[in-house]
Amino acid sequence: MLPVQTPSLNSTPETLERPACPLCDSEERRESIFEFPPYAVARCKSCGLWYLCPRLTESLMHASYEDDHYFEGGEGGYSSYQAQETTLRPTFRRFLREIARRGMTGGKLLEVGCAYGFFLEEAKDYFSHRTGTDYSSGALEKAHGRADRLILGGTEQIPLGETFDCVACVHVIEHIYDPVAFLRSLTKHLRPGGWLLLATPDMGGFWRPLMRRRWPFFKIPEHVTYFDQKTLGALLTRAGLDAVQPLPYSSAFSLELIGEKLGRQLPGAWRDQPIRSDHWRDRCSRSRRGSR
Ligand SMILES: [Zn+2]
């Protein structure tokens with residue numbers, strides 16, 4: 001068995017916590033289904049959500065997101081976010097075409113957790129205004145010029161009362177410690193009838209049971225929740241959104257990432273080759289803020 005990389009982020013017994021289910025607050029769970037010592041993935045016996053328990057305390061995890069090394073070679077985070085540009089951009093272009101076909105584009109877009117701004121830049125022709133937020137000032141420097149406005153921090157930095165026609169969270173919700181409260185705060189910035197888009201790795205997808213603990217989205221300790229279609233829908237409903245519908249969202253992956261997971265170095269020419277397969281499908285849902 002090859003070792004699976006588990007960044008410690010200097011965990012000690014004092015920096016670990018054992019949360020209740022982040023979706024339904026139940027304390028009843030099947031413990032340690034997948035172990036990544038000192039962390040483990042548990043499953044709620046009440047709602048079926050998979051979540052990290054024990055997990056790192058939120059303040060320590062946050063400090064890592066604000067660190068400029070998070071995106072390029074830090075402990076945890078991405079070995080290189082920049083290197084994924086060649087696979088992220090085609091994924092985003094395909095997704096934007098998909099939502100345009102459904103009449104969900106136009107007006108003002110907010111992207112929460114925009115990283116280097118690849119999605120915001122690709123969205124230029126689809127929205128009249130694009131705002132992005134991120135906790136990393138280094139990431140926002142890279143995103144400079146790729147959006148109409150960039151805000152350092154989280155949703156609390158968006159002026160009260162400002163609303164958007166579309167709010168997108170791509171691979172963000174799995175990092176959030178209290179996803180219900182997070183979505184409720186986002187909903188305040190969604191105009192009545194506007195769309196919220198959530199894309200997250202699909203715990204109910206094709207590869208996850210085959211790859212078991214080598215599944216690439218067990219990014220420990222950053223990914224604290226793991227949704228499937230049922231739990232993602234339950235989350236959106238619990239946050240007060242309605243008209244929850246699944247959306248197709250197929251990711252392109254580089255062979256290098258897969259090589260990394262298998263602990264193999266691939267020949268240089270192969271590394272950046274994107275693989276596109278409908279099997280690598282994330283779970284994405286759209287839901288609407290009621291007009292009440
Ligand atoms: Zn639960």
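A crossing of two helices is right-handed if the near helix is turned clockwise from the far one by less than a right angle. The model shown in every view is predicted.

Figure 1. The protein chain has 292 residues, and 38% of them count as buried. Among contacts with a separation of 6 or more, 66% link residues 24 or more positions apart.

**Figure 2. Tyr51 sits in the largest nonpolar core.** This core has 64 residues. Tyr51, Val167 and Leu197 touch the most other members. Which residues does Tyr51 contact, leaving aside neighbours within four places in sequence? Cys21 and Pro22 are two of them. Ala42 and Cys44 also touch Tyr51. Val224, Thr225 and Tyr226 complete the list.

**Figure 3. Tyr39 is a buried residue of strand 3.** Strand 3 covers residues 39-44. Is Tyr39 buried or exposed? A residue is buried if 20 or more other C-beta atoms lie within 10 Å of its own. Tyr39 has 23 such neighbours, so Tyr39 counts as buried. Pro221 is 182 residues away from Tyr39 in sequence. In space, their C-alpha atoms are 7.2 Å apart.

**Figure 4. Met104 lies in a loop and is buried.** The loop runs between helix 2 (85-101) and strand 6 (108-112). Met104 has 20 other C-beta atoms within 10 Å, so Met104 is buried. How many residues separate Met104 and Trp195 along the chain? The two are 91 residues apart. Their C-alpha atoms are separated by 7.0 Å.

**Figure 5. Helix 5 packs against helix 7.** Helix 5 spans residues 179-187, and helix 7 spans residues 229-238. Two packed helices are described by the angle between their axes and the distance between the axes. Here the angle is about 55 degrees, and the axes lie 9 Å apart. That angle makes helix 5 oblique to helix 7. The crossing of helix 5 with helix 7 is right-handed.

**Figure 6. Side by side: the residues where helix 5 meets helix 7.** Helix 5 contributes Pro179, Val180 and Leu183. Helix 7 contributes Leu235, Leu236 and Arg238. What classes of residue make up the contact of helix 5 with helix 7? By class, there are 5 nonpolar residues and 1 charged residue, with no polar ones.

Key. Residues are numbered from 1 along each chain as its sequence is written. This is a predicted model: local features need pLDDT of at least 70, side-chain atom pairs count only at pLDDT 80 or more; totals for chains, interfaces and linings use all residues. A nonpolar core is a set of buried Ala, Val, Leu, Ile, Met, Phe, Trp, Tyr and Cys residues joined through C-beta atoms within 7 Å. A residue is buried if 20 or more other C-beta atoms lie within 10 Å of its own, exposed if 12 or fewer, and partly exposed in between; C-beta atoms are placed from the backbone. Two residues are in contact if their C-beta atoms, placed from the backbone, lie within 7 Å. Axes are lines fitted to C-alpha atoms, for helices over the stretch in contact, and angles run from 0 to 180 degrees between N-to-C directions. Helices (H or I, at least four residues) and strands (E, at least two) are DSSP runs, numbered from the N terminus. Angles under 35 degrees count as roughly parallel, over 145 as roughly antiparallel, 65 to 115 as roughly perpendicular and the rest as oblique. Ala, Val, Leu, Ile, Met, Phe, Trp, Tyr, Cys and Pro count as nonpolar, Asp, Glu, Lys and Arg as charged, and the others, Gly among them, as polar.
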